[in-house]
Amino acid sequence: MDPVGLFLHEMKEIVEKNDFILVEREASLEFMADLGVTMVELRNVILSLKPSDCFDGPERDRDPRFTGWTVAEFSPEAFGKTLYLKMSIKLEVERCKCLSVKLYRDRKEVPT
């Protein structure tokens, strides 16, 4: 299985068994409140991710405080929009975190 497929398989098993943690960042909380997205709806988006939704990773978390965590970034279609999801898993403790959920913005877009 390719790295993205393996990451998704492991992540979905963890979410189904132990759910996930939403890291409370202002942008994520504002996004969910503005669109009225519930944790159940976000969980459904996470469980429906496909390998083609991944645009970066999986790779080790670059922050040395998070040893053993693997991170991948996704841009799925949901709620009539393209989302940006940054997901992280740690197999040893069977934990999954949603590090960020917001509207996707192409990295090539430069504000004027």
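Two strands pair if DSSP finds at least two bridges between them. Keep that one in mind for this talk. Strands are DSSP runs of E, at least two residues long, and helices are runs of H or I, at least four, all numbered from the N terminus.

This is a predicted model, where local features need pLDDT of at least 70, side-chain atom pairs count only at pLDDT 80 or more, and totals for chains, interfaces and linings use all residues. Residues are numbered from 1 along each chain as its sequence is written, and side-chain values use heavy atoms, with hydrogens and water left out.

How confident is the predictor? pLDDT gives that for each residue, from 0 to 100. The mean for the protein chain is 93. In this chain, 94% of residues reach 70 or more. Now look at residues 108–112. There pLDDT stays under 50. Those residues have zero contacts beyond four places in sequence; a contact means heavy atoms within 4.5 Å.

Next, the overall layout. The protein chain has three helices and six strands. Along the sequence the pattern reads α-β-α-α-β-β-β-β-β. The radius of gyration is 14 Å, close to the 13 Å from the globule rule for 112 residues, so the chain is as compact as a globular protein of that length. That radius is taken over C-alpha atoms, and the rule is 2.2 Å times the number of residues to the power 0.38. The C-alpha trace spans about 40 × 30 × 30 Å along its principal axes.

Now the strand pairings. Start with E6, residues 95–103. Strand E1, residues 21–22, pairs with E6 in the parallel sense, over two bridges. Leu22 stands opposite Cys98 there. Strand E5, residues 81–90, runs antiparallel to E6, and eight bridges join them. Which residue of E6 is the bridge partner of Met87? Cys98. E5 and E6 form a hairpin with four residues between them. Glu94, in that turn, has a positive phi of about 50°.

Stay with E5. E3 pairs with E5 in the antiparallel sense, over five bridges. Glu73 stands opposite Lys86 in E5. Strand E4, residues 77–78, also pairs antiparallel with E5, over two bridges. Here Glu77 has Thr82 as its bridge partner. E4 and E5 form a hairpin with two residues between them.

Two backbone details. Most residues other than glycine have a negative phi, and most peptide bonds are trans. Phe79 is not a glycine, yet its phi is positive, about 60°. Phe79 sits in the loop between E4 and E5. And a cis peptide bond joins Gly57 and Pro58, with omega about 0°. Pro58 lies in strand E2.

Last, the largest pocket. On a 1 Å grid over the protein atoms alone, a pocket is an open set of points where a 1.4 Å probe fits, with protein on both sides within 12 Å along at least five of seven lines; lining residues have an atom within 4 Å of a point. How much space is in there? About 280 Å³, counted as the space filled by probe spheres set on the points, which are joined across faces, edges and corners. The lining has 15 residues, and Asp61, Arg62, Val71, Lys86 and Leu99 lie nearest the centre. E2, E3 and E6 each supply at least two lining residues. Five of the lining residues are nonpolar, one is polar and nine are charged. Charged means Asp, Glu, Lys and Arg; nonpolar means Ala, Val, Leu, Ile, Met, Phe, Trp, Tyr, Cys and Pro; the others, Gly among them, are polar.

Technical notes:
pLDDT = per-residue confidence, 0-100.
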